[in-house]
Each structure stands twice: as structure tokens, then as C-alpha cells.
Amino acid sequence: MAGQVYTGSAWSEAATRGRSVGAILGFISSSGSVTNVVWGQAAPDTTAAWSKTNPVVGVAPPGTAYVELGVLAYGTDQGETHYLDTASITTHASGSTNLIGPLHTTGNKIEDANNQIVTPRGVNSDWLDWNSSIWAGTPLDDNSVAHMKQWGANVVRVLLSENFWNSKDCLYAPGYAAAVDQAVQSITSRGMVAMLDLHNNGRTSCDNHVSNQQRMADSPGSVDFWKSVASRYKNNPLVAFDLYNEPHDITWAVWRNGGQLTDSDGVTWQAAGMQQLYNAVRGRGAHNLIFVSGDNWANTPPPATSLLSGSNIVYAAHYYTCPQAPPPSCTTPNPYDPTPVLNQWTTLAGRLPVMLTEFGWPDPASGTYNQNVINWAESKGIGWTPYVWAQGGAAGTTSAFGYLADQNVFEPAASGMPVLAGLARNS
């Protein structure tokens, strides 16, 4: 059935020589034509025992009447034999249950307006952090947001730039706030949370005439940004505020309270601390959820002495073992295992709400890392939003986990299949 999510797998054993083997889903129309094909992550089979393929997961596009499961052994010789057994296809309805705001925190949980526990699971969407407008065909237009909902997302983390928003900035774009309005309306009208993330900023109002990520938020620019954004969206019960993306190379004192910084290029500037940004939001009468990223690129949780004063606060973690390239170029020990860093957050998550708001893998052909991160988050009862909802197809820093086959369906790359499968928990 069109719109359903399908998962396929099989068991394989090599007769004479093991190969990389991957499962494939084919979506077929009533006339027998192929409407789309989705390729799962390959894994080796052997001659010694049966091996289960990695699951292949996809969304049936419009016009689908039949779903077929195939298994491909890569690089085989003529006449080579591989045995298959216990092939299966399962399905579940797509889409997420609409959230009822306003959301609030209780203990270490996030709850909805009916005091029911909510686990935010969704996606990151860039575009507005580096582009000052939105239009058809972008990763954040209404059609794309509809497919995020179809996948099962109940939160979309929207990356923003203060430079395009602040009227006193040299990069100010008069139509930018309206573009953000459009994204917020598209997301929240579908019962999802729009998590507005301050991703890019300048150290001063005309810093290098480009919108970039910095070591920390700046003062007064970031403070002014949050005063304005909070005033604009405080009455939308499904908007949340993510104060600053990835603080790094600063002390905990600066992280919390701000201070003067001097960068390697000799520029001295005033950083705004998380408490200042929180106060800016609350000072405008906004009681929405506030997300606060840790230090060290959000890898490290704040110590007890640096926690913010306030309410409805969720602390946010990020982690990439291989941010630039997959192995063998990435030399991080045990790159598929995120737990040594993520386990640092366990103690805090036992006391206060924590969410994993960014993670990803730079090779769209592998979902192993993303699956391991999701497994960790689910074991702790922690929400998650991987980076990034965008067209995939090549390794690199974008960590894209999907690709647009056309404007009617957004199928996952292998790296995104754990995401699509995991979002089923939101239905």
C-alpha cells in the first residue's frame, strides 16, 4: 500500500565463497512497472553459517500495488551459488501521532499538555542556517516537511542564522523571518515540534560578512536574536528554542555566564552565556521548552555547578565519531561505538531531561553507527534527531541519510534506514 513503511530481510549462506550481500526492496505498480527501488546496507555472508542481511527499509511511493524483496550478492563469479532462507517483509503505517502542546519537563522527562511522557524523535533540517530564504524544492519546504511527518518524525530541528534575522546585522535579510514563519507553520500545523536552533552567528554585527558557526553565542547579537525570536513564537505551544548549537574551546564559566574571547585571528569579542540566552527568552514571557547544548561541540555534559537556573530545560548532546570521512580515513578507535562519549551523559539524564539533538555518519551506504546511537538513546529513554534531512549519495561532512527519488517520495539511504525504522515508535 502506498505510504506504508516496509522492512525486508533474509538469511544467506555461501556455497563456496562469501560475498557482500544486501537486501533490496522493489515497489511495483499494478501494471508491473517499477515505481522505486531501495537498497539496503551490504554485509558479508560465509560458508560456515547462515547470516541475516541488514534490514532494508523504505516507504512505498504513490502507485505501489506490490512490494518485492530481492537479495544481491556483489561481485560473484559465473555459476557461483548463495543459498537464501526465511525471507520476510513486514510493514507498518507511516506518520507520527500529533503532539499536544505546550510541552513541559517533569523530573527527567518531557511531557505534553496532558502530562503524558513525550520522547522527541525526528530529524535535523538545515538550509536556513546558510540560506536567507525558502522556496520549493529545498530540504525545508512544505513538501519535504510532509515527508518528515510521513517518516514518523514528531520534531524537526530547524537550523537558523542570527545574521539573517537581526536587523542591525550587515547580512540582515528582510524576508528571512517570514521564511522561518513558513517553516514553523509547516511543522507545527502537522503536530510536530519546531525546535529553532541558533546555529550560525557572527562575533560582531558585521563579522567577515558571512554567517558561520563560532565558539559560542555572541553578545549582544545572540541575546537580541533570542529576544526577538521568543517574542515572535512564544504563543505557539509546539515551538522549542535550542539556544546555541555547539559551544567549544571555552570554559564552563564562559559557557554559562559569557565573557570576553580572543580568537586565533586576533579578534576579541564578547561571548554570551547560556544563562544569558535563557534569560533573554524567559524575559519575553516565553515558557516554551529550551534546549541547552553541552560544551566541547556538545559532546560533554555540564557539571552540576554549571547547570542553568530555570525551568523547562532540556540538555542537548551531540556526537560524531567520524565527522569528516568514514574508515579507514577516520582513525577514531571503535568508530561504530558511540557509547564511551555518550555514557558521560547517563548521570545527568537520570536527573534531568536530555536529548541527543545531533549525530550522523559520513557514508550514506552504512547505517551501523546511526543504529548504535539510536539503540543507546532508546535504552536511556532519550529523544534523538540525526543530521541531516537532505539529498544523500556521497560520503562527506553532510551526513545526509536520505535522497529524493522525486517530489512524491523521500527514501532513505542505508544510513537513514535505522532512522525510518526508529521513528515508527512515534506512531
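Visitor: Which residue does E378 meet in a salt bridge?
Guide: The side chains of E378 and R425 meet in a salt bridge, at 3.6 Å from N to O, a salt bridge being a side-chain nitrogen of Lys or Arg within 4 Å of a carboxyl oxygen of Asp or Glu. E378 lies in helix 10 and R425 in the segment after helix 11 (417-422), so the pair ties together parts that are 47 residues apart in sequence. Helices (H or I, at least four residues) and strands (E, at least two) are DSSP runs, numbered from the N terminus.

Visitor: And what should I keep in mind about the model itself?
Guide: This is a predicted model, in which local features need pLDDT of at least 70 and side-chain atom pairs count only at pLDDT 80 or more, while totals for chains, interfaces and linings use all residues. Residues are numbered from 1 along each chain as its sequence is written, and side-chain values use heavy atoms, with hydrogens and water left out.

Visitor: Is R425 buried, partly exposed or exposed?
Guide: R425 counts as partly exposed, at 44% relative accessibility; buried means under 20% relative accessible area, exposed over 50%, and partly exposed in between (1.4 Å probe, protein chains only).

Visitor: How many salt bridges are there by that rule?
Guide: The count comes to 13 salt bridges. One of them joins D242 to R157, with the closest N and O atoms 2.8 Å apart. D242 lies in strand 15 and R157 in strand 13 (residues 155-161), so this pair ties together parts that are 85 residues apart in sequence. D242 is buried, with a relative accessible area of 0%, and R157 is buried with a relative accessible area of 0% as well.

Visitor: What about D263, which residue does it form a salt bridge with?
Guide: D263 forms a salt bridge with R203, the closest N and O atoms being 2.9 Å apart. D263 sits in the loop between strand 16 (259-262) and strand 17 (268-271), and R203 in the loop between strand 14 and helix 4 (221-233), 60 residues away. Both D263 and R203 are buried, and they belong to a network of salt bridges that links R203, D207, R215, D263 and D265.

Visitor: Switching to the sheet: in what order do the eight strands come?
Guide: The eight strands form an open sheet in the order 12-13-14-15-18-19-20-21, with parallel pairing, where two strands pair if DSSP finds at least two bridges between them. The edge strands, each pairing on one side only, are strand 12 (122-125) and strand 21 (383-384). Helix 10 (residues 368-380) packs on the sheet, touching strand 19 (313-319), strand 20 (354-359) and strand 21, and its direction makes about 175° with that of strand 20. Contact means heavy atoms within 4.5 Å, and axes are lines fitted to C-alpha atoms, for helices over the stretch in contact, with angles running from 0 to 180 degrees between N-to-C directions.

Visitor: How many bridges join strand 14 to strand 15?
Guide: Four bridges join strand 14 (residues 193-200) to strand 15 (residues 239-242), and the two run parallel; A194 has V239 in strand 15 as its bridge partner.
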